[in-house]
Structure formats: C-alpha cells, structure tokens
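Q: Got a model loaded here. Can you walk me through it, a piece at a time?

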Amino acid sequence: MGENKRLQAGVSRRRFLRDSLWGTCLAGLGVLTGFVVGKHRKTNTLWQIDPYTCIACGNCATYCVLDESAVKCMHAFSVCGYCRICFGFFGPEPVDITEGAENQVCPTGAIKRRFVEDPYYEYTIDEKLCNGCGKCVKGCNAFGNGSLFLQVRHDRCLNCNECSIAAACPSGAWKRVPAERPYLLKPALSEVEGMAAHPPQAEHGAGNHA
Amino acid sequence: MRRCPYIIVCVTVLLGLVSPATCPATARRSAETSGQGVAPGTEPALSLSKGPGANKRFPPPEFESGYVQPSPTTPAPRQDIYQYIDALVLLAALGISAYLVLKRRSRSAIFALAVFSLLYFGFARMGCVCSVGAIQNIVLSIFDRSYAVPIVVLAFFLLPLIFTLFFGRVFCAGVCPLGAIQDVVLVRPVRVPNWLEGALRLFAYVYLGAAILFAATGSAFIICRYDPFVSFFRLSGNWNILTLGGSVLLVSVFVGRPYCRFVCPYGVILRQLSRISRWNVTIAPGRQDPAIVMTGLTGGPDECIQCRLCEDSCPFGAIREPTADWTGRDYSIGKKRLTLLMVLLPVLALSVGWAGSRLKNVAARMHATVRLAERVYLEDAGKAEGTTNASLAFRATGKPTEQLYAEASNIRAKFTLGGWFFGGFVGLIAGLKLIGLSRRVGRTDYEADRASCLACGRCFEYCPKEHARRKGIGATDFAD
C-alpha cells in the first residue's frame with residue numbers, strides 16, 4: 001500500500017512538472033508569436049534589384065537557381081536618349097553601325113533596334129532571349145542615360161527564402177521589397193529633377209544578405 | 001588615359017556641341033584618334049552611375065513622327081492569396097496527419113499523405129518557404145529591427161511546433177516534404193548503432209546553432225543555402241547542391257531519413273517539444289496517459305505483451321526495449337558518474353563557448369560586409385592584386401573606408417558574443433547528452449521513443465494487439 005502511494009506521488013509530481021513545462025512551452029510560443037506579429041508586415045516580400053546600386057557585374061545571369069535567370073533587362077523608355085549609336089546595343093568596337101550580330105554587345109541578340117525618326121532609334125528587349133547578364137546595362141550606364149537596367153521578373157522568380165543571386169551580389173543591390181510594389185523602376189529623368197542623389201529606397205530593406 | 005572617352009562625352013554633352021543622337025559616336029571617334037578603343041565592358045563604369053542625375057547625358061528626344069513611347073512591362077508576382085492557401089493546406093495536412101497517426105493508425109494512409117506533401121509542398125510549391133528554413137526568418141526578425149516576418153512564414157514556423165506540443169512529431173510523419181522525399185526512397189533500412197546515432201545527432205544541434213548565429217547576424221541563411229533537396233523540387237540547381245542531394249538520397253535508401261535524424265535543425269526543436277506532447281505515438285493501440293507512460297511503470301490500458309515482434313520494425317531506431325534490473329553496484333557507479341557529469345556540465349559549456357568565441361574571425365567572413373572590409377584592407381595595404389567587383393562597387397559609392405571598417409568590426413563583435421552563445425549551446429547539448437546516457441530510465445515495455453519517433457506508423461502493424469484492434473477483437477481475448 002505504501003509502495004503504491006509512493007508511486008502515485010511520483011506520478012503526480014512528474015505530471016505536474018511535465019504539465020508546467022508544457023504550459024511554459026506553449027506560452028513561450030505565444031510570446032514569440034506576439035513579438036514577431038507585433039512588427040509583422042501584412043504583405044509578403046519579394047526580391048528586387050535596386051537599379052541605382054546595381055553594377056551589372058553579371059552574377060544575375062549565373063547565380064539564379066533557375067537555369068534561365070529570373071533577372072532580365074528592362075528598358076525605361078522615358079529615360080532613353082534614343083541614340084543612333086547606343087552603347088547598350090553596340091559592342092566596344094563595332095565593325096559597322098548596323099544590326100549585325102558581330103556589332104552587338106548582347107550575347108544573345110535580345111535587344112531589338114528599330115528606326116523611329118531621324119536621328120532616333122528605339123531599343124526594345126526581347127525578354128525570351130535576355131539572360132540577365134547586364135552587358136548592355138553596363139554600356140548604357142557608362143556612356144548613355146542608364147535607361148537599361150536589371151530587374152527581377154516576378155512571373156519567373158521563385159522567391160527563394162535566401163536568394164542565391166542576392167547572396168552573390170557584390171554591391172548589395174538586392175533587397176526585399178513589399179509585394180504590392182514589386183519593382184524598383186527607373187523614373188523618367190524629368191521626375192528626378194531636384195531629387196536628392198539618393199534613389200527611392202525599398203521599405204524596410206533588410207540588406208542583401210538576410 | 002583610360003577615362004578619356006568618358007570625359008570627352010561629358011564635356012561634349014555639357015557644352016551642347018553635338019546633337020544628342022550622335023554624341024557617343026563623336027566620343028568614339030575621338031577615342032580612336034587617341035589610339036584607345038572604347039570598351040564599355042572594361043571601363044570603370046561604376047564611378048559613372050552614382051545617382052539618377054549622374055546619367056543625364058542626353059535629353060529625351062521630342063518626336064515629330066507621332067511616335068508613342070511604350071512603357072516597360074511589369075509582370076505581377078504570384079498572388080498573396082496562394083500563400084494563404086499554402087498555410088491552410090499546411091494546417092489541414094497537420095490535422096490529417098495527427099488523425100492518421102493517433103486515431104486511424106494506418107501506415108499506408110500516412111504514406112499517402114507524405115506523398116501528397118512531397119508533391120504539393122515539394123514539387124508544386126518548389127520548397128520555399130518551408131518550416132525548417134523559417135527558423136532563420138524568425139531569428140532574423142528578432143535581431144534585425146528593420147526585418148519583419150511575413151505572416152505566412154510565421155505560420156509555417158509555428159503550426160508544426162504547436163501540433164508537436166499536442167500530438168508529437170506528426171509534421172515529420174506526413175507533412176514535411178524533405179522527410180517525405182527520403183521516406184519514399186527508403187527500401188532497405190540498416191540499423192544505426194545507438195552510440196553512433198546519438199553522436200551523429202549532435203551535428204543537428206551544431207547546425208541549428210550555426211543557422212541561428214548566421215541568421216541573427218544577418219550573414220546568411222545557411223539552412224536554405226545547403227538544403228539538399230530543394231534543387232530536386234525545383235528541378236534545377238547547381239551541380240554541387242545536386243550532388244549533395246543525390247548523395248543524401250542514396251544514403252536514404254539504406255539509412256532511414258538521415259537528414260531528419262542527423263541534420264535537420266527544425267527536427268531538434270520538434271524532438272524536445274515531442275517529449276512533452278499531450279498525445280504521442282504508441283506501438284500498441286489504446287488510450288495512454290502520458291504521465292503514466294513517462295514513469296515507465298505501465299504501458300497504459302492496452303499493455304504491451306512483450307512479444308518482441310516490433311523490435312526491428314523501426315528504421316529510425318526509435319523503439320526502446322524494456323530495461324533489465326540494475327544491481328546495487330551498478331547503481332552506485334552510475335550515481336557517481338552522473339554527479340561528475342552534472343558538475344562538469346558548466347565547465348564543458350563554458351570551454352566550448354570560449355572556443356566558439358575564438359572562431360569569430362572565421363565565422364564573421366560569412367557576412368558580406370566583413371568579406372568586403374577585409375578585401376578593401378588588403379587592397380589598400382598593397383597585399384592583394386587588382387580589385388574585385390565588390391571592392392569596385394564599394395569604392396564607387398564614395399563611402400569612407402573607416403566607416404566600412406567600423407561596420408565590419410561591429411559585426412565581428414556580434415560574432416564574438418554570438419560565438420559564446422553558439423559554443424555554450426553546443427557544449428551544453430553535448431553535456432546533457434552525456435547526462436542522458438548516464439541516467440537510468442526504467443522500461444517494462446517496448447515503447448516508441450517520444451523524441452526520436454517520426455510517427456511514420458511502420459511499427460503499428462507489427463503489433464498483434466493492433467491486429468486485434470483492427471479486427472475488433474477485445475483486449476480481454478488476448479489476456480486469456
């Protein structure tokens with residue numbers, strides 16, 4: 001009888017300890033939730049490139065987990081100078097100023113050049129061909145208006161928890177942006193008149209490596 | 001001399017001497033005459049693109065031909081609603097898993113659920129975001145004031161934990177796609193000796209500690225980076241990670257779910273919660289009072305009949321055998337050993353913690369800022385040849401080097417403190433493991449280990465009492 005009582009006491013003590021531990025764990029999860037929800041964002045976040053920080057190093061073409069990168073070149077037509085000789089289109093030393101492949105800087109021929117009116121030419125990106133290498137971006141930034149820039153195309157992006165390209169980005173241009181404003185576009189030059197040297201920042205940008 | 005074309009471009013534009021459309025050509029021609037080809041790819045283009053204003057070289061043309069400027073397309077991302085559907089599917093899958101494991105007790109149904117989860121959370125949703133990786137988002141949001149966790153990520157982190165507190169590791173059983181992909185290839189399980197199992201499992205704790213350390217310092221999400229299966233789910237990825245994933249899958253054919261048992265950082269959290277869950281898997285059917293089971297005095301109403309049929313049924317080494325009685329001599333030796341280990345526990349934790357803090361310089365290199373600062377320092381000191389993309393980009397921003405160094409040493413300081421915690425955690429876990437090994441647990445029955453049991457349900461049909469239950473034979477029929 002005494003033995004039985006001792007066992008029962010052991011059981012209830014264990015049960016008490018176990019139950020309090022269980023309750024503590026549940027409460028702990030509750031506190032954690034409260035803390036995290038306290039600063040939570042209503043919408044989800046997506047990855048995007050800040051075109052003003054991007055140096056067009058070429059990592060976007062190779063580091064994406066997709067075979068064909070989710071990053072593509074975009075063209076801000078309102079920024080473009082419609083130059084006849086475009087350094088986003090022509091290679092460093094073109095043989096001729098024609099659309100021949102040997103003259104182009106784009107390795108996949110994804111930029112289409114079309115005559116608009118003298119002396120202006122329109123340049124458009126054929127997205128199916130673009131691999132996001134940024135060679136044209138580099139040329140346009142160096143000698144033109146910088147109207148060509150790289151962006152994550154959200155119809156392609158898988159939105160990995162840690163973006164492989166962001167981890168490999170040398171300039172910290174990758175940011176998490178709120179899902180309702182998923183693109184960081186280059187504004188028209190007229191819109192940035194009088195603007196400070198700082199481009200529009202992504203909300204709560206968590207840096208490129210987080 | 002290298003900057004010559006750029007200067008000419010700027011000068012010509014500023015003076016307005018040439019028509020905008022031909023300006024670059026002029027620059028090119030001048031460059032050619034000076035014997036220097038224009039090479040946009042090799043130019044220090046970085047220094048030229050500082051702000052929006054810096055690139056205003058050619059005014060936008062005024063068209064006379066009625067040309068209408070197209071506007072760039074911005075394809076919409078996947079809608080948020082699908083994310084919420086994912087969270088709901090997760091909730092439903094967890095509920096179904098708990099029902100199948102505890103009530104229905106059907107291995108084939110659990111397997112079917114696991115295959116569904118593999119197809120949905122794995123191949124359809126391509127792995128992201130998963131509960132395992134969500135640890136890092138939660139940690140980052142605690143340590144980084146500017147980072148907020150999306151509510152869906154929080155749900156993925158929290159729901160399995162809550163379910164584990166109530167029902168045991170039902171998440172591992174049929175919901176986690178990483179577990180499912182290993183479970184479906186497990187055809188010829190070999191038994192891993194207990195000592196090896198325990199030793200290998202320490203790696204999972206180290207991995208969890210490291211993941212928290214790197215997430216807290218904002219360096220990297222290593223769980224995602226070294227996830228062996230996510231590249232299978234996406235059907236693309238680099239060769240290194242595909243090789244790693246392939247190797248783990250190959251091992252999984254013979255060793256039951258090696259990632260779950262020896263690597264998974266979320267699994268070690270679930271282990272601990274499963275120890276105190278309200279309900280949990282039992283080999284023999286029947287309602288069990290967890291508090292009574294924990295004492296090891298009885299298996300509950302439907303008792304184990306010690307037939308030993310289930311002994312080898314678990315491919316994950318989670319079935320514990322009944323223990324033999326201890327002699328008095330063993331008891332006193334065991335007591336001394338336990339006391340010694342308990343005294344040594346803080347010593348172990350502190351010494352490993354110290355070792356962890358010494359790793360700060362190596363560990364801090366996971367952070368891009370520290371890598372950059374080291375590179376810039378080497379370049380400035382003339383100890384490194386040339387430049388990297390990162391150092392070029394940094395110099396183009398015009399930020400003072402001192403500021404970069406200050407940021408880097410700030411991060412290193414975080415790693416010193418983090419290293420103490422990381423090492424202390426690893427030391428503590430190792431010490432507790434030793435204490436656990438020295439602690440006597442009495443068992444009279446064959447039981448599923450609450451922590452290690454992945455609730456896969458393989459052992460159920462080995463139990464004759466389970467067959468009795470399925471055929472509706474009462475427990476009393478067996479007693480005779």
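A: One term before we look at facing residues: two strands pair if DSSP finds at least two bridges between them. With that in hand, A:Cys73 stands opposite A:Leu150 in E5(A). Keep in mind that this is a predicted model.

Q: Which strand pairs with E5(A), and over how many bridges?
A: Strand E2 of chain A, residues 71-75, pairs with E5(A) over 5 bridges. The sense is antiparallel.

Q: How many residues of E5 in chain A are buried?
A: 5 of 5, so strand E5 (residues 148-152) is mostly covered. On one side sit A:Leu148, A:Leu150 and A:Val152. On the other are A:Phe149 and A:Gln151. Both faces are covered.

Q: Why two sets of side chains?
A: In a regular strand the side chains alternate between the two faces of the sheet.

Q: Where is A:Ser147?
A: A:Ser147 is in the loop between helix H3 (135-143) and E5 of chain A.

Q: Is A:Ser147 buried or exposed?
A: Buried, because 28 other C-beta atoms lie within 10 Å of A:Ser147. The cut-off for buried is 20 or more.

Q: What does A:Ser147 touch, leaving out residues up to four places away in sequence?
A: A:Ser147 touches A:His75, A:Ala76, A:Val79, A:Cys80, A:Cys140 and A:Lys186.

Q: And how many Å apart are A:Ser147 and A:Arg14 in space?
A: 70 Å, C-alpha to C-alpha. In sequence A:Ser147 and A:Arg14 are 133 residues apart.

Q: Which strand is E1(A) joined to?
A: Strand E6 of chain A, residues 174-178. There are 5 bridges, and the two strands run antiparallel.

Q: What's the confidence like for chain A?
A: Chain A averages a pLDDT of 84, and 82% of its residues score at least 70. Residues 193-210 of chain A fall below 50. Beyond near neighbours in sequence, that stretch has 43 contacts in the model.

Q: What about chain B, what is its mean pLDDT?
A: The mean for chain B is 84, with 83% of its residues at 70 or more. Residues 295-301 of chain B are below 50, with 23 contacts beyond near neighbours in sequence. Residues 475-480 of chain B are also below 50, with 5 such contacts. For the model overall, ipTM is 0.83 and pTM is 0.84.

Q: What secondary structure does chain B have?
A: 22 helices and 2 strands. Of the 480 residues in chain B, 42% are buried. Taking chain B contacts with a separation of 6 or more, 78% are between residues 24 or more positions apart.

Q: How many residues are in H3 of chain B?
A: Helix H3(B), residues 80-104, has 25 residues. First C-alpha to last, H3(B) reaches 34 Å, close to the 36 Å expected at 1.5 Å a residue. B:Arg105 follows H3(B), with a positive phi near 55°.

Q: Which residues of H3(B) are buried, and what covers them?
A: The buried ones are B:Gln83, B:Leu90, B:Ala93, B:Leu94, B:Ile96, B:Ser97, B:Ala98, B:Leu100 and B:Val101. The cover includes helices H4 (107-124), H6 (151-167) and H7 (170-174) of chain B.

Q: Which domains does the assignment give for chain B?
A: Domain 1 is 4-53, domain 2 is 82-286 + 310-319 + 446-474, and domain 3 is 338-438. In chain B, the centres of domain 2 and domain 3 are 30 Å apart, taken over C-alpha atoms. The contact takes 12 residues from domain 2 and 13 residues from domain 3. The domain 2 side has 8 nonpolar, 4 polar and no charged residues.

Q: Last one. Is B:Ala406 buried or exposed?
A: Exposed, because B:Ala406 has 12 C-beta neighbours inside 10 Å. B:Ala406 is found in helix H20 of chain B, residues 401-438. B:Ala406 and B:Val185 are 50 Å apart in space, C-alpha to C-alpha, and 221 residues apart in sequence.

Conventions. Residues numbered from 1 in each chain as written. Chains lettered and ligands numbered in written order. Predicted model: local features only at pLDDT ≥ 70, side-chain atom pairs only at ≥ 80, totals over all residues. pLDDT = per-residue confidence, 0-100. Contact = placed C-beta atoms within 7 Å. Helix = DSSP H or I, 4+ residues; strand = E, 2+ residues; numbered from the N terminus. Expected span 1.5 Å × (residues − 1). Domains from an automatic or database assignment. Nonpolar A, V, L, I, M, F, W, Y, C, P; charged D, E, K, R; others polar.
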